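Below is a report on one protein chain. It goes from strand pairing to packing, then to rings and backbone details.

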Amino acid sequence: MLKRLSILFLIVLALSGSRCNEENQIPFVQVNFQIDTNLPAYIDITAPSGWVYTSGGSRGLIIYRKNQDEFLVFDRHSTYNIDDGCQVTVDDDNTLISDPCSESQWVIIDGSVANGPAGRGLHQYNTIWSPPVLTVTN
């Protein structure tokens with residue numbers, strides 16, 4: 001009987017932990033679009049290390065060109081205190097992304113936490129590069 005209660009307790013504990021993680025996720029928003037990088041609006045991502053803001057996701061998106069063949073797309077919804085809905089911005093040095101609410105910072109080349117109280121990286125979307133068209137999905 002004790003063994004069954006222990007197993008039941010572990011199952012309840014695991015499920016409650018999963019629910020907590022789900023509650024701490026940015027809101028799901030369907031993302032599925034294409035951009036033609038030859039258009040003037042995307043001139044800043046024609047070369048590596050360039051980035052642009054665009055609409056989509058929960059609080060907007062950052063499209064970053066990591067190298068000639070790879071793009072990263074991050075949701076601008078801060079992963080710290082998600083319910084606050086803070087929108088991150090790219091710093092003037094173009095290497096960090098900052099949350100004005102918590103002063104957390106993320107590295108633009110991979111979305112990982114660089115500084116501050118944020119415990120996880122920025123939410124990232126899938127990309128498919130078929131020059132000159134970039135497809136972004138979740």
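## The four-stranded sheet

Four strands make an open sheet in the order S5-S6-S7-S8, and their pairing is antiparallel. Strands are DSSP runs of E with at least two residues, helices are runs of H or I with at least four, and both are numbered from the N terminus. Two strands pair if DSSP finds at least two bridges between them. The edges are strand S5 (89-90) and strand S8 (113-115), each of which pairs on one side only. Strand S7 (residues 105-107) joins S8 over two bridges, in the antiparallel sense. Trp106 faces Val113 of S8 across this pairing.

This is a predicted model: local features need pLDDT of at least 70, side-chain atom pairs count only at pLDDT 80 or more, and totals for chains, interfaces and linings use all residues. Residues are numbered from 1 along each chain as its sequence is written, and side-chain values use heavy atoms, with hydrogens and water left out.

## The chain overall

The chain holds one helix and ten strands. From the N terminus the elements run α-β-β-β-β-β-β-β-β-β-β. Of its 138 residues, 36% are buried. Buried means under 20% relative accessible area, exposed means over 50%, and partly exposed lies in between (1.4 Å probe, protein chains only).

Contact means heavy atoms within 4.5 Å. Among contacts between residues at least 6 apart in sequence, 40% join residues at least 24 apart. The chain exposes about 8,200 Å², and carbon and sulfur atoms supply 53% of that area. Accessible areas come from the Shrake-Rupley method with a 1.4 Å probe; for residues, only the protein chains shown count as cover.

## Strand S10 and its partners

S10 is largely enclosed by the rest of the structure, because four of its five residues are buried. Strand S1 (residues 32-36) pairs with S10 in the antiparallel sense over five bridges. Asp36 has Val133 as its bridge partner in S10.

S9 also runs antiparallel to S10, and five bridges join the two. Thr127 has Val136 as its bridge partner in S10. S9 and S10 form a hairpin with two residues between them. Pro132 lies in the loop between S9 and S10. The peptide bond from Pro131 to Pro132 is cis, with omega near 5 degrees.

## Two nonpolar cores

A nonpolar core is a set of buried Ala, Val, Leu, Ile, Met, Phe, Trp, Tyr and Cys residues joined through side-chain atoms within 4.5 Å. The largest core has 14 residues, of which Ile35, Ile45, Ile63, Val73, Tyr125, Leu134 and Val136 touch the most other members. Strand S3 (61-67), strand S4 (70-75) and strand S10 (133-137) each supply at least two residues of this core. A second, separate core of twelve residues includes Trp51, Val88, Ile97 and Leu122.

What does Ile63 touch, not counting residues up to four places away in sequence? Its contacts include Ile35, Ile45, Trp51, Phe71, Val73 and Leu134.

## Aromatic pairs and a charge

There are two aromatic pairs. Rings of Phe, Tyr and Trp (its six-membered ring) pair if their centres lie within 6.5 Å; planes under 30 degrees apart count as stacked, over 60 as edge-to-face and the rest as tilted. Trp51 and Tyr53 are edge-to-face, at 4.8 Å centre to centre and 65 degrees between the planes. Trp51 is buried at 19% relative accessible area, whereas Tyr53 is partly exposed at 33%.

The Phe71 and Trp129 rings have centres 4.7 Å apart and planes at 55 degrees, so this pair is tilted. Phe71 lies in strand S4 and Trp129 in strand S9 (residues 124-130), so the pair ties together parts 58 residues apart in sequence. Phe71 is buried, at 3% relative accessibility.

Arg76 places its charged end over the ring of Tyr53, 3.8 Å from the ring centre. Such a charge is NZ of Lys or CZ of Arg within 6 Å of the ring centre and within 35 degrees of the ring normal.

## Loop residues

Ile109 lies in the loop between S7 and S8. This residue is partly exposed, at 42% relative accessible area. Leaving aside neighbours within four places in sequence, Ile109 is in contact with Tyr64, Lys66 and Leu72.

Ser49 is not a glycine, yet has a positive phi of about 80 degrees. Ser49 sits in the loop between S1 and strand S2 (51-54). Asn94, in the loop between S5 and strand S6 (96-98), also has a positive phi, near 60 degrees.
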